[in-house]
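Below is a short report on one protein model, written for a reader who has not seen it before. Please look through the sequence and the structure first.

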Amino acid sequence: MDEKAVLDVEGDTSIWLARRNARRHRLLPIFVLGLLTFLALGAHVHLTQNSYGVVRIPVNASQLQARCENLKLKPGPLPTFNNRTSSDRFALGSKPTLIKNATIWTGRTNGLEIIKGDILLNKGIIKAVGTVEEALLQQLDYAVEIIDADGAWITPGIVDLHSHLGHLSAPKLNGASDGNSRKGIAQPWLRSLDAPNTHDDSFRLTVAGGVTTAFVLPGSASDIEHSPSSMLLEPPFTLNSSESIDWSLPPRWRQMKHACGENPRRVYGNTRVDNLWTFREVYDKARQIKEKQDAYCAKALNAEWAELGAFPEELQWEAPVDVLRGRVKVQVHCYEAVDLDDIVRLTNEFKFPIAAFHHAHETYLVPDLLKKAYGNTPAAAIFATNARYKREAYRGSEFAPKVLAQNGIQVVMKSDHPVLNSRYLLYEAQQAHYYGLPENVAMASVTTTPAQAMGMDHRIGFIKEGYDADLVVWDSHPLALGATPKQKVPKTPNFDDEAADAVKYDGLPPLAPEKSIAGTVVFLNVKRKRRGKVACMGNQSTCASFLEAPGCHVVDLKGGAISPGLISFGSPLGLEEIHGEASTRDGSVYDPLEETIPNVVSGEGTLIRAVDGLQFATRNALLAYRSGVTVGVTAPTHDGFFGGLSTAFGLGAAHKLESDALVQEVAAVHVTIGHSGSSASVSTQIAALRRLLLEPAPGDVGMWFKSVMEGESTLVVEAQSMDVISTILLLKKEVELATGVPVKLTIAGAAEAHLIAKNLADANVGVVVSPLRPFPATWESRRILPGPPLTRDSAISLLLAHNVTVGIGIEESWNAHNTRFDAAWAALESFGSITKTQALALVSSNLETLLGLNVDPELTDLVATEAGDIFDFEGKIVGIISPRKGVVSLF
């Protein structure tokens, strides 16, 4: 039967046709009523008649068909995107800008293209790169602003593929922490874009580091949680409605965060078996909905409306359905090979691709596994050197980026802000380059590759005509510490053997010295020597007697240097192997302001000694030793007021009974004042310290605080706030007035110490700045001095300018082996006010003074660096000269 258009009536059409003539006299009012209804509903309703009777055509049939057709489209930019004349991110009032005489790293040609020339920017878009024609300038609506780059390097804006910017806010406050929901192990319906804290202090700081795009993910407490946000660089296909969508256009990429491994296990008390079932359950549900949608659309596109009903969808599950359609970039937090394998199998079971594995500490051990993922090979978004903070990160290696790149895996360096301050994301690429990642891949790892991994490489990540005007002008080569705009990329050391060993030994290569020589060792071609004692220094004729000694071992440093060994302080180095595993740590001491201390411990007041809990030959200690750090100073781990007695120990010692194991059994007395862990008020903590200093109790505690009061031992107070530090200075003055003896006092942490630099100098109080790169992590540390380019001075340069004795500390054990680069960094951002000698003192002699170490200069360790200084990216540590042990250790 031919189909005919009829009005909304059910039943036998012949009856309706028979009655039509009888109702003709009522046609006008019915027509008026129908017209009003049409205008009210804004809809066009059809019914069709076929052999089965009357069939209702949905009021939005054309829209449903368009929506079904849209399901076939792949995500991407609008067809007209490349023809745009203004960026949707353009800030009105910004003038056209011509940057002249630049060295431009474009990101093109696999990151190998470098252009010497100019860049024209207008209305938020790159208009020309290389040669800018005069005719193009004449077409501009406003006068162009000209910047002479004077040969400086220009790169695309830095892209951070893993950040919690605006969710885990700075300063950290309970009312602005929205990283995780913790309301369920799988919640794909939640969205990161609903929670950003626009008052986060990190925004301004992050931009100061050249980061122009941050990919903000939820935390990793759940298997599946909110859809991440790329700071709304491009809004998702739809935010809160599907009514305004033009279904003829391709969708934009959506994003989703998955997590496997320890985090969801810990939060929800599950095993890996439970977690994997959750993934499968979610995607089975999504698959069922997708199959219903596909069946629906097959009929809708064939105009088979009979009993079709509404488009099958559930708001809670629409995101994972889109995952199965390949319209979502899935970002997976995953460390270990076993978890990586689980997720790869999951992708093949449900047929969806992954954009990147994040953290991914063991990806370099199983690159072929990644290539088995469905659809494409995921990128690996990793840290450069941050590892061993929990069991699943234990096999992390600084050579992972190099190994991954060699195996054809795309490498992304990320911050996980605020885990690492995203302002210094480029430093991750610098370290990766130092340990062997090719320069073009290292630069791409924070620009083009993350842009590709989030599906935004049509507008960011490259410097090319038509792209967003996200550019960074650098004052030195982006991959070089200390380079100038005219310098080439530094030649980094060869780490091929070390990288091969990392894979060969499944992430745990031997770290002890290859050989330790007790006899004569002669270092040739030494370009620089800084502090410390050697038996002979000069040309070969001057040291001929040593060269002729029996069994003499010769090491060619190829223009390298001999420098004093470095000191690491501030972390639990030597008191833990894996921070996240309690059985591998010494643990935290009892705090008398928080809890009752067992009598067997307290007695007449026992002060805990770090030396009693030392663990030797930990991987963090040995890695630091191989990087020139020969001494660690560690206080007992504490969460409250009482710290205890720190110790200084040799990082190269195999156990406590070796001759060089203990440098100084007790170094200083430590307390912490602030809100870092103690629930006691700050005034209560100050009152406790006052009584300990002015009314020493009997026993061990009284003995050590009396030693401080009498000026014999050093007191180290960890404090961040200017107000707390000021109070401590007044207490010091009070004690000195009572005793007439100067108190040796050091402030550690000291985030706001720069605000009272003169007062610290007048009180003869030194400071250990920790961490070196300031971040307003808490309310007590919010008033940081960020340093260049936001401020001319850094905290360290300002304190040194006021004659305050300054040292550099760290917070986490893994970072000890970057000590040499931390010192170099302090010098580089001082505009020449900190010399290399002064920088070296920040991590050696100054720390000895500040932490109460009495080291015989004759027993100072020396570090041999090949082909460069201890501060240079060109230099490689090849040996440690240890007078205490009487050997030269070679790597």
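Ala360 sits in the loop that runs between β13 (356-359) and α11 (367-370). Its phi is positive, about 50°, although Ala360 is not a glycine. Most residues other than glycine have a negative phi, and most peptide bonds are trans. Ala360 has a relative accessibility of 2% and therefore counts as buried.

Ala867 also has a positive phi without being glycine, here near 65°. This residue belongs to the loop between β30 (862-866) and β31 (876-882). Ala867 is partly exposed, its relative accessible area being 38%.

## Cis peptide bonds

The peptide bond from His417 to Pro418 is cis, with omega near 10°. Pro418 lies in the loop between β15 (411-413) and α13 (425-434).

A cis peptide bond is also found between Ser770 and Pro771, where omega is about 0°. Pro771 is placed in the loop between β28 and α24 (795-801).

## The model as a whole

The structure is a predicted model. The protein chain has a mean pLDDT of 88, and 88% of its residues reach 70 or more. Residues 1-47 have pLDDT below 50, and this stretch makes 37 contacts in the model beyond near neighbours in sequence. Residues 482-487 also stay under 50, with 13 contacts beyond four places in sequence. Where pLDDT is low, the predicted coordinates should not be read in detail.

The protein chain holds 27 helices and 32 strands. Of its 891 residues, 55% are buried. Its accessible surface is about 38,800 Å², and carbon and sulfur atoms account for 52% of that. Among contacts between residues at least 6 apart in sequence, 76% join residues at least 24 apart.

In soluble globular proteins, nonpolar side chains tend to be buried together. The largest nonpolar core in this model has 147 residues, and those with the most contacts inside it are Tyr283, Phe357, Phe705, Leu715 and Leu760. Helix α22 (residues 722-739) gives the most to this core, contributing seven residues. Apart from this core lies another, of 15 residues, with Ile104, Ile119, Ile154 and Ile463 among them.

Which residues surround Tyr283, leaving aside its neighbours within four places in sequence? Tyr283 is in contact with Ile224, Met256, His258, Pro320, Val323, Leu324, Leu346, Phe350 and Phe352.

## Asn275 in helix α8

Asn275 is part of helix α8 (residues 272-300). With a relative accessible area of 2%, Asn275 is buried. Not counting residues up to four places away in sequence, Asn275 touches Ile185, Asp223, Gly261, Pro264, Arg265 and Asn270.

Strands of a sheet pair through backbone hydrogen bonds, either parallel or antiparallel.

Strand β28 (residues 766-769) runs parallel to β29, and three bridges join the two. In this pair, Val767 stands opposite Val806 of β29.

Is α21 largely enclosed by the rest of the structure or left open? Eight of its 11 residues are buried, so α21 is largely enclosed.

The buried residues of α21 are Asp700, Val701, Gly702, Trp704, Phe705, Ser707, Val708 and Met709. They pack against β22, β25, α20 (682-694), β26 and α22. One of them, Phe705, is also among the residues with the most contacts inside the largest nonpolar core. After α21 comes Gly711, which has a positive phi near 80°.

Technical notes:
Residues numbered from 1 in each chain as written. Heavy atoms only, no water. Core = buried A, V, L, I, M, F, W, Y, C linked by side-chain atoms within 4.5 Å. Buried < 20%, exposed > 50% of the residue type's maximum accessible area, 1.4 Å probe, protein only. Helix = DSSP H or I, 4+ residues; strand = E, 2+ residues; numbered from the N terminus. Contact = heavy atoms within 4.5 Å. pLDDT = per-residue confidence, 0-100. Areas by Shrake-Rupley, 256 points an atom, 1.4 Å probe, with all protein chains shown as cover. Pairing = 2+ DSSP bridges.
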